[in-house]
Amino acid sequence: MYTKHLLLSALLVGSSTLSLRAQQGAPQDTTLQWRKHILELKDHQGQLEVKVYQLDSTGAKRPSAYLFRGIYGEGRIEEQGTGEHIRLPRPEIFFPARRGQSRSKSKRYLTSLGASIGYTTLTGSGATGLKRTRSLRYDIQLLEYHQVLSPRLMLSAGLHLQLNSLHLSGDYAYREENGESKLVHYTVPEGVRTSRLHITYLTLPLTLRFRPWAKPFDHWEFSFGAEFKLRTASSSKVWIGDYRTPRVLGKDLGINPISLDLRAQIKCAPVGIYATYSLLPLFLDRGLPTTYIYSLGVSLGL
């Protein structure tokens with residue numbers, strides 16, 4: 001029975017022989033003996049034809065049909081064999097890569113399970129009372145598709161889940177009143193321990209990634225692009241006194257159901273530093289002034 005290593009080794013030797021004879025102007029057909037097998041290589045209408053025969057006990061080629069026959073050419077592969085034949089994958093030695101292409105790395109691939117964390121903040125009058133140092137953004141990369149455009153350029157599109165946790169100080173809180181969203185002083189006898197505005201998005205980023213340097217700095221990468229975001233949940237909550245269960249002051253709050261952010265990032269291997277800025281206002285025109293959201297943080301992923 002054949003093995004892949006045996007036949008591939010024979011094909012490599014045969015292809016080298018054909019190349020040498022072609023350079024010398026001799027016919028490209030040749031026959032090689034490999035252990036108990038005969039390997040015939042011929043030019044079949046401009047394509048490579050490979051036949052393998054088994055030797056009998058006397059060392060002569062069996063007159064019966066070949067054990068294996070393959071025809072290899074640009075855009076064509078045809079293989080036949082008996083029950084003793086182990087089917088081989090398409091041999092890349094007969095299909096050279098084009099300039100700028102590599103066989104070792106696919107032009108399209110998927111990654112998952114990345115994450116990022118960063119500070120998030122608001123601009124405009126709607127940011128009154130915001131604790132900027134405690135407001136955080138968490139991002140989980142569910143899936144990301146990568147298309148290699150060139151050795152240094154790549155286009156990436158993904159599906160992420162993003163949570164913004166905005167902390168407010170004192171007795172400030174966002175609240176729905178008569179169908180309008182307002183930033184109010186929320187006071188109760190027990191006192192407000194903390195106030196938070198939570199916004200969750202399903203994020204669809206599209207970025208262009210660029211690696212400007214060759215080795216040994218090829219692990220550095222710059223990227224920029226846009227993030228289209230769909231709001232999936234939002235709520236304004238306050239924690240009063242010693243109570244552990246928060247009081248919900250509003251869920252819709254007139255928050256824009258869609259958002260579009262600009263994103264830029266510099267990355268070294270799996271770790272990067274990113275910045276985003278929203279081009280659309282956070283709140284619709286329902287009582288609050290125009291307010292935008294931006295973030296700065298650290299990412300981890302491919």
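Is Glu-227 buried or exposed in this predicted model? At 1% relative accessibility, Glu-227 counts as buried. The close-up views below start from this residue and then move on to other sites.

**View 1. Glu-227 pairs with Arg-263 in a salt bridge.** The closest N and O atoms of the two residues are 3.0 Å apart. Glu-227 belongs to strand E13 and Arg-263 to strand E15, so their contact ties together parts that are 36 residues apart in sequence. Arg-263 also counts as buried, with a relative accessibility of 15%.

View 2. Look at how the accessibilities compare: Arg-209 is buried at 7% and Glu-221 is buried at 5%, whereas Arg-211 is partly exposed at 31%. In total, the structure holds five salt bridges.

**View 3. The largest cavity has a volume of about 290 Å³.** Of the 21 residues that line this cavity, Gln-141, Glu-144, His-160, Arg-263 and Gln-265 are the closest to its centre. Several strands give two or more residues to the lining, among them E8 (136-150), E9 (153-168), E13 (220-240) and E15 (258-268). The lining is made up of four nonpolar, ten polar and seven charged residues. The structure holds three cavities of 30 Å³ or more.

How values were computed. Residues are numbered from 1 along each chain as its sequence is written. This is a predicted model: local features need pLDDT of at least 70, side-chain atom pairs count only at pLDDT 80 or more; totals for chains, interfaces and linings use all residues. Side-chain values use heavy atoms; hydrogens and water are left out. On a 1 Å grid over the protein atoms alone, a cavity is a set of points where a 1.4 Å probe fits but cannot get out, and a pocket is an open set with protein on both sides within 12 Å along at least five of seven lines; lining residues have an atom within 4 Å of a point. Grid points are joined across faces, edges and corners, and a volume is the space filled by probe spheres set on the points. Helices (H or I, at least four residues) and strands (E, at least two) are DSSP runs, numbered from the N terminus. Ala, Val, Leu, Ile, Met, Phe, Trp, Tyr, Cys and Pro count as nonpolar, Asp, Glu, Lys and Arg as charged, and the others, Gly among them, as polar. A salt bridge is a side-chain nitrogen of Lys or Arg within 4 Å of a carboxyl oxygen of Asp or Glu. Buried means under 20% relative accessible area, exposed over 50%, partly exposed in between (1.4 Å probe, protein chains only).
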